[in-house]
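Welcome! Work through these exercises with the structure open beside you, and try each task before reading its solution.

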Amino acid sequence: MASDGKARAGMGTAFGDFSGSGHLGLVVTNHETEMHSLFLNQGTQLFSDATIRSGIGPATRPYVGFGVVFFDYDNDGRLDVSIVNGNVMANVAKVRAGGKLAQRKLLLRNDTGEHFVDVTKTAGPGFAVEGVGRALAAGDVDNDGDLDLLVTNNGERVNLLLNDGGNAANAILVQVSGTKSNRSGIGTKLTLTTGQRRQVREVQSGSSYLAQNDLRVHFGLGNAQKADRLEIRWPGGATEVIENIEANRFVTVRQGDGVIRSVPFERR
């Protein structure tokens, strides 16, 4: 439900701490003319509708949205948003002038924590291809330190969008392995502190719409050469702290054993 009290279609969803407040906000994709919704977590068990003031509403109004992800594509420490779109009516052009079945993907850059800018037109040829988009998943496919995207389309081939240049800034990817908690670490909350910046991430299953993101947790570090502190809160409530983690590495943490593996990114 939006702030105007009207129901929305609601297809894809994603939770993420896009504001840097330490609380997970929510993005929901909707039907065309409705705008995709963004809800800011107030930290008091209440959410406020930030759809219009965030810039996401006006940028998404013409599209029928499905898959959506929060991900830091440029490793600056802020969660950006990508959305795949595609109509549900093959004859939409006969129903609405200018309507299209195949629609473009969107890349919205987080520039302040609570405001997003549409940078799709400068995001490369992968975003220029229109399709009947449905599922969207994020992960570091080529292990080079930045997040790539995988898109499924109705009746068409899959699109793999490799991120070229996101790793110009530094990052850390953390894989957690539970022992007393579930082995995949689903539900684990990770808080990474670098200088004055704190990033909160959660290991999640069933990402967005018919998809699953990489279970390795990605933190963009910008120009920082290391993270000062990583706090891991396992689903059962146990907490572990790891300090001084070098940038540009894959780190594996096993519950109760700390870091059991740390290897550098495969730079291309």
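**Exercise 1.** Is Gln 45 buried or exposed?

*Solution.* Before we start, note that this is a predicted model, in which local features need pLDDT of at least 70, side-chain atom pairs count only at pLDDT 80 or more, and totals for chains, interfaces and linings use all residues. Residues are numbered from 1 along each chain as its sequence is written, and side-chain values use heavy atoms, with hydrogens and water left out.

Step 1: recall the cut-offs. Buried means under 20% relative accessible area, exposed over 50%, and partly exposed in between (1.4 Å probe, protein chains only).
Step 2: apply them. Gln 45 has a relative accessible area of 80%, so it is exposed.
Step 3: find its place. Gln 45 sits in the loop between strand E3 (37–41) and strand E4 (47–49). Strands (E, at least two residues) are DSSP runs, numbered from the N terminus.
Step 4: check the backbone. The phi of Gln 45 is near 70°, a positive value in a residue other than glycine. Most residues other than glycine have a negative phi.

**Exercise 2.** Which loop holds Asn 248, and is Asn 248 buried or exposed?

*Solution.* Step 1: look between E17 and E18, where the loop contains Asn 248.
Step 2: with 17% relative accessibility, Asn 248 counts as buried.
Step 3: Asn 248 also has a positive phi, near 60°, and is a residue other than glycine.

**Exercise 3.** In what order do the four strands of the open sheet with mixed pairing stand?

*Solution.* Step 1: read off the order, which is E15-E12-E18-E19. Two strands pair if DSSP finds at least two bridges between them.
Step 2: find the edges. E15 and strand E19 (258–264) each have a single partner strand, so one side of each lacks a neighbour in the sheet.
Step 3: compare directions. E12 and E18 run parallel and are joined by six bridges, while E18 and E19 are antiparallel, also over six bridges.
Step 4: pick out some partners. Leu 173 is bridged to Phe 250 in E18, Ser 177 to Arg 254 in E18, and Val 253 stands opposite Val 259 in E19.
Step 5: visit the turn. The hairpin of E18 and E19 has three residues between the strands, and Gly 256 there takes a positive phi near 90°.
Step 6: ask how enclosed E18 is. Five of its six residues are buried, so E18 is largely enclosed by the rest of the structure.

**Exercise 4.** Which residues have the most contacts inside the largest nonpolar core?

*Solution.* Step 1: define the core. It is a set of buried Ala, Val, Leu, Ile, Met, Phe, Trp, Tyr and Cys residues joined through side-chain atoms within 4.5 Å.
Step 2: name the residues. The largest core has 19 residues, and Val 174, Leu 190, Leu 230 and Ile 232 have the most contacts inside it.
Step 3: locate the contributors. Strands that each supply at least two residues of this core include E12 (170–177), E16 (226–233) and E18 (249–254).
Step 4: look elsewhere. A second, separate core of 17 residues includes Leu 40, Val 68, Leu 106 and Leu 108.

**Exercise 5.** In what order do the three strands of the antiparallel open sheet stand?

*Solution.* Step 1: the order is E9-E10-E11.
Step 2: strand E9 (133–139) and strand E11 (159–161) are at the edges, each with a single partner strand, so one side of each has no neighbour in the sheet.
Step 3: five bridges link E9 with strand E10 (residues 148–153) in the antiparallel sense, and Gly 139 stands opposite Asp 148 in E10.
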